[in-house]
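Biologist: I have just opened this one and would like to walk through it with you. Could we start with how you name its parts?

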Amino acid sequence: MAFHEVRFPTDISFGALGGPERRTQIVTLSNGYEERNTPWHHSRRRYDAGMGVRSSADLEDVIAFFEARAGQLHSFRWKDWSDFRSAKGQAPITPEDQEIAIGDGETMTFQLRKEYRSGAQSYARPIAKPVRATVRMAVAGNEMHEGIDWSLDDTTGEITFVAPPESDAPITAGFEFDVPVRFDTDTIQIAMSRFNAGEVPDVPVVEVRL
């Protein structure tokens with residue numbers, strides 16, 4: 001089992017169906033009230049890659065990718081077209097899109113993350129698979145430069161500064177990112193007569209924890 005640093009074909013993932021999944025345990029009490037809890041701190045995303053297969057060439061690409069990953073055995077990168085940027089909408093990525101930490105004058109390594117906020121509540125999602133060429137960093141509003149001020153491990157999403165950011169300095173980042181996933185099946189079943197008639201294959205993909 002390994003992680004292959006290769007991205008699923010983006011023209012196919014563009015047409016995929018999917019998004020975040022949560023797991024909530026609900027117990028209804030005898031008085032009609034509920035108790036709700038979750039064993040998951042982080043959401044998990046699921047997709048159906050088959051929805052993006054539009055041609056026999058796409059189908060060949062999916063089968064080749066599936067075989068090269070040995071089915072469910074090896075995980076890989078996936079571009080979620082509905083959520084792959086630190087900036088909102090079509091706004092340009094800036095080094096101040098997301099606050100990832102506050103400097104303490106000692107810590108040099110920080111995990112990229114993206115915050116989802118609604119009202120007074122928020123959720124911080126760790127970003128483990130950033131797209132290297134898109135990452136920008138700033139400390140206290142001053143942009144820092146890769147290779148001079150900081151380095152990126154794009155296999156983990158960790159940023160390491162050459163010198164620790166000053167105490168109480170906001171550390172911010174802008175980036176694009178992929179989702180670490182694997183196939184959620186060891187079988188892809190295809191009937192070419194049905195495919196040519198418009199039926200798409202079922203190719204489930206699920207996010208993995210790293």
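Modeller: Helices, of at least four residues, and strands, of at least two, are DSSP runs numbered from the N terminus. Please keep in mind throughout that this is a predicted model.

Biologist: Okay, then where is His74?

Modeller: His74 is placed in the loop that runs between helix H2 (56-68) and strand S6 (75-78).

Biologist: Is His74 buried or exposed?

Modeller: The relative accessibility of His74 is 16%, and because the cut-off for buried is under 20%, His74 counts as buried.

Biologist: And what is His74 in contact with, away from its sequence neighbours?

Modeller: Once the neighbours within four places in sequence are left aside, His74 is in contact with Met1, Ala2, His4, Arg69 and Arg182. For Ala2 there is a polar detail as well, in that a polar atom of the His74 side chain lies 3.1 Å from the backbone nitrogen of Ala2.

Biologist: Let's move to H2 itself. What span should H2 have, and what does the model give?

Modeller: H2 has 13 residues, which at 1.5 Å a residue should span 18 Å, and the C-alpha atoms at its ends are 18 Å apart, so the two agree.

Biologist: Which residues of H2 are buried?

Modeller: They are Asp58, Leu59, Val62, Phe65 and Phe66. Viewed down the axis of H2, these buried residues fall within an arc of 130 degrees, so they line one face of the helix. As background, residues three or four places apart in an α-helix point the same way, because there are 3.6 residues a turn.

Biologist: What is on the other side of H2?

Modeller: On the other side of H2 we find Glu60 and Glu67, which are exposed.

Biologist: And what does the buried face pack against?

Modeller: The buried residues of H2 pack against strand S1 (3-7), helix H1 (10-13), S6, strand S17 (177-183) and H3.

Biologist: Which residues do ring pairs link into a cluster?

Modeller: The cluster linked by ring pairs is made of Phe8, Tyr47, Phe65, Phe66, Phe76, Trp78 and Phe183.

Biologist: What about charges over rings?

Modeller: The charged end of Lys79 sits over the ring of Phe84, at 4.3 Å from its centre, and the charged end of Arg209 sits over the ring of Trp40, at 5.3 Å from its centre. Phe84 is buried, at 14% relative accessibility.

Biologist: Next, Pro201. What does Pro201 touch?

Modeller: Pro201 is in the loop between helix H3 (192-196) and strand S18 (204-207), and it counts as buried, at 6% relative accessibility. Not counting residues up to four places away in sequence, Pro201 touches Asp48, Gly50, Val53, Leu59, Gln189, Ile190 and Phe195. With Asp48 the separation is 153 residues in sequence but 9.2 Å in space, C-alpha to C-alpha.

Biologist: Last one: how far apart are Arg36 and Ala64?

Modeller: They are 28 residues apart along the chain, and their C-alpha atoms are separated by 43 Å. Arg36 lies in strand S4 (residues 34-37) and is exposed, with a relative accessible area of 58%. A polar contact of 2.8 Å joins the side chains of Arg36 and Glu34, and, not counting residues up to four places away in sequence, Arg36 touches Thr24, Gln25 and Ile26.

Conventions. Residues numbered from 1 in each chain as written. Predicted model: local features only at pLDDT ≥ 70, side-chain atom pairs only at ≥ 80, totals over all residues. Heavy atoms only, no water. Buried < 20%, exposed > 50% of the residue type's maximum accessible area, 1.4 Å probe, protein only. Polar contact = N/O pair within 3.5 Å; in protein donor to acceptor, adjacent residues only side chain to side chain. Contact = heavy atoms within 4.5 Å. Phe/Tyr/Trp six-rings, centres within 6.5 Å; stacked < 30°, edge-to-face > 60°. Lys NZ or Arg CZ within 6 Å of the ring centre and 35° of its normal. Expected span 1.5 Å × (residues − 1). Arc of directions from axis to C-beta.
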